[in-house]
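Please open the model in a viewer and keep the selection tool at hand. The stops below say what to select next and what is to be found there.

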Amino acid sequence: MLGTSSPVIGVPWPDLNDGLFYNDVVKPSDSGKALIEFYSSKYKSSAPLEGWLQRIQNEQITIDGQIITDPETILRIGSEVVYRRLPWKEPDTPYLLEVLYEDDEMIALNKPSGLQVLPGGVFQQRTILTQLQWWSRKQSSSVSEGSHPVPVHRLGRGTSGILLCAKTRLARTQLAAYFADGAFCIGRNRNTSMVEGTKRKISKIYRALVTGIVHDDEVSIDQPIGRIHYPGVAQGLYVATSSGKPAFSKVDVLERDEQGNNTLVQVEIQSGRPHQIRIHLSSIGHPLLGDPLYVAGGQPNCLHSDSVNQSFAEDGGYQRPTKPVPGDCGYYLHAHQLVLDHPRTNEAVKIIAPLPPILRTHGEAEE
C-alpha cells in the first residue's frame, strides 16, 4: 500500500494502446526487392515470413501512403514504407507511482514491481515513461517550458523502488554523467572503488531476498557481465562471463532465515550493469528468491532449450517465449536508498523508498 504522506501520480491504462508505426525509407541496397523479401529478411525477429504475409494482406503496409496488399510489389529507392502495428491490450500492469522526492530539476518515484520503465516488447504504452508524459501534460501550466521528465536509469520490470527522473536538460546531463562516472570508476579499479575510491556523485543501495544461507557477513563480487545469444531476446541476454564488462557489488547480510533457507541482504552498487544484482548474487550460488531466469552461476535457466514459441500471435508475430526472459517477475529486489549530489546545487540529497514487508528485518517489521 502506498504511503498516505507522499503524493501519488498515475492514471488507469486504456484497454487498448494506440498501436505503432514503423517507418522505413528504401535504401539503394533494398531497391528492387519484393516487399515480402524486405520485411521478412530485415525484420525476421518481429515475425516469420508467413506472419509478414498476413500483415501485408491485412492492409497494414503502405508505400508512399498507398495501402499495398501484393507481397511481390517491387520497392524503389527513396520510397517510404510504413508498417502499422495494430492496437493491442497489453498485460495487466500497475499504474500508480508514489512521489518520493521532487524539485524543479528532478523527481524520484517509487516504482512498483511489474511496471516497465521504457517501452519495449509487448509493453509500449504501459510504462513509467508514458505516465510521466501524461503527468507532464497535466502540469504544463505550472511547470517550466521544456520540462519533460524522463528516467535517467532503469530498473528491471520485476524490481521495485527508487527510479530517478530528470525534469530539465541540466539535470539529465548531470545525472547521466554521475552514472557514467560510476561505471568508469569500476572499470578503472573495481576492487577498491566502492571502499577507497574518490567520492562518488551517486550511491545506490538495494534490498534483496536470496535463496540459501549466505555465511559471510560481507561479500564483494567483481564478476564481469556480458551478453550471450538467447532465443527470444533480440539484443542478447546479460550473464556472468569473463569476457564481459567490469561490475562490482558489495553485499551485507542483514538477516538469515535458517528454517526458510533464505537470506535477507543489502547490496550496494555504483552504476550497475543490466540485471547486475540478479546476476552477481546468482553467480555466488544465491539467486534471488523467486527469480525465474537466473540460476546458480549467473547463467539463465534453460539456456540450451528452444525458448521461442513458433506459433503466431494475432498480429502475425511470434508468441512470447515459453521459457523465462529478463522481464519476468517473481523475485524480491528493491531499490531502497539513493544518495546523490543535487545536479544544480551540489547539495547532498538522500531518498528512501519504503520497504516491502518481505524485505524488512524482524526488527523493522515490529516498528
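**A tour of salt bridges and a hairpin**

Begin by selecting glutamate 105 and arginine 344: they form a salt bridge, with the closest N and O atoms 3.3 Å apart. The term denotes a side-chain nitrogen of Lys or Arg within 4 Å of a carboxyl oxygen of Asp or Glu. Glutamate 105 belongs to the loop between β6 (97-102) and β7 (106-111), and arginine 344 to the loop between β18 and β19, so the pair ties together parts that are 239 residues apart in sequence. Glutamate 105 counts as buried, at 9% relative accessibility. Here buried means under 20% relative accessible area, exposed over 50%, and partly exposed in between (1.4 Å probe, protein chains only).

A note on conventions: this is a predicted model, in which local features need pLDDT of at least 70 and side-chain atom pairs count only at pLDDT 80 or more, while totals for chains, interfaces and linings use all residues. Residues are numbered from 1 along each chain as its sequence is written, and side-chain values use heavy atoms, with hydrogens and water left out. Helices (H or I, at least four residues) and strands (E, at least two) are DSSP runs, numbered from the N terminus.

Next, select strand β18 (residues 333-341) together with β19, which pair in the antiparallel sense over five bridges; pairing requires that DSSP finds at least two bridges between two strands. Glutamine 337 has isoleucine 352 in β19 as its bridge partner. The two strands, β18 and β19, form a hairpin with six residues between them, and asparagine 346 in the turn has a positive phi of about 70°.

Stay on β19 (residues 348-352) and show its side chains. Which residues make up its covered face, and which the uncovered one? Val349 and Ile351 are on the covered face, whereas Ala348, Lys350 and Ile352 are on the uncovered one. In a regular strand, side chains alternate between the two faces of the sheet.

Now move to glutamate 364 and arginine 207, a salt bridge whose closest N and O atoms are 2.7 Å apart. Glutamate 364 lies in helix α6 (residues 362-366) and arginine 207 in strand β10 (residues 202-211), so this contact ties together parts that are 157 residues apart in sequence. Arginine 207 is buried at 5% relative accessibility; glutamate 364 is partly exposed, at 27% relative accessible area.

Finish with aspartate 24 and lysine 42, another salt bridge, with 3.1 Å between the closest N and O atoms.
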